[in-house]
Amino acid sequence: MSPFVLTRTLPLDATAAALRADVSEGLTRSPKVLPPKWFYDARGSELFDDITLLPEYYPTRAEREILIARADDIAAATRARTLVELGSGSSDKTRHLIEALAGLECYVPVDVSESALRGAAATLLAEHPALTVHALVADFQYGLALPADLPGPRLVAFLGGTIGNLLPPERATFLAGLRSRLSPGDALLLGTDLVKDPSVLVPAYDDAAGVTAAFNKNVLSVINRELGADFDPDDFDHVALWDARREWIEMRLRARVPVVAKIPALDLAAHFEAGEELRTEVSAKFRHEGVRRELAAAGLELTHWWTDAQGRFALSLSVPAPHPFHAG
């Protein structure tokens, strides 16, 4: 097998079609909403990389701390021969796992960006020439078809706290779908940001330098470029709020003045009253028992739980729970 294989499970026009559908639906409903995946064009990805280096933004550092400290434990518990990473991006943090998994044969990065997959694969293969990289251009939230010939056991990694961007029903559907693709011996490594004081949480999404504000407003630039819209990002303020009841951060864009933005590709005009908000991201925070319950509801049994030294972030390892035996 070639050391690098790329399989596209997304049609070439799928991203453009999804953007049109999300903007058309999200900007005509009340309250207005867009999914956070539309932050991440090339500029948005650069801005997010900058966010991960900010003093206020702890999740990336905390998760990397756990990976460095526990990679050998993860390797010993899973003995994975295949590592699948959902939303792999640059595959930066995953290098700690790849180095620890002595028996690893195949790495399967899954991302919507073909360029990100090719770039990460080139770097990894230079460092690990014996590794096979089978990249998947796919949107893991809408069904994941893994190659049939992946050697087991398989470890699926979903890092970065990205699962918190899914609403609870979406998380349940996602985890159940993932469980249906796991075999005995496989495992899920899940990164979850933990509930903590809002004085720590809110600045992580509203930094003093304004990088997160620029990241949030970038979604308007994406719509302008891809759909011919005429949003002026300066007409909106960045807002980050802690919802204590739902235990999640919401990022919003709040119209500073009345706005009518034309979106020619959709034959649509988006109307905002002054003060009206567009929700662009939910980032749920978790507790140990809540993660255990959500995994159990999907048929997964939590076996290991690791946090950073300050207890800000967690990595959990879970395995397919045995199906109950029914005597016939």
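Tutor: A definition comes first: on a 1 Å grid over the protein atoms alone, a cavity is a set of points where a 1.4 Å probe fits but cannot get out. Grid points are joined across faces, edges and corners, and a volume is the space filled by probe spheres set on the points. This is a predicted model, where local features need pLDDT of at least 70, side-chain atom pairs count only at pLDDT 80 or more, and totals for chains, interfaces and linings use all residues. Residues are numbered from 1 along each chain as its sequence is written, and side-chain values use heavy atoms, with hydrogens and water left out.

Student: How many cavities of 30 Å³ or more are there?

Tutor: The count is 1 cavity of 30 Å³ or more. The largest cavity holds about 50 Å³ of space.

Student: Which residues line the largest cavity?

Tutor: Lining residues have an atom within 4 Å of a point. Among them are Ile163, Arg171, Phe286 and Glu294.

Student: Which element gives the largest share of that lining?

Tutor: Helix α9 does, with 3 residues. Helices are DSSP runs of H or I with at least four residues, strands are runs of E with at least two, and both are numbered from the N terminus.

Student: Now the sheet: what is the strand order?

Tutor: The order is β2-β12-β9-β8, in an open sheet of 4 strands with mixed pairing. Two strands pair if DSSP finds at least two bridges between them.

Student: How do β9 and β12 pair?

Tutor: Strands β9 (residues 248-255) and β12 (residues 277-284) pair in the antiparallel sense over 7 bridges. Met251 stands opposite Glu281 in β12.

How values were computed. 1 Å grid on protein atoms, 1.4 Å probe; cavity = no way out; pocket = protein on both sides within 12 Å on 5 of 7 lines; lining within 4 Å.
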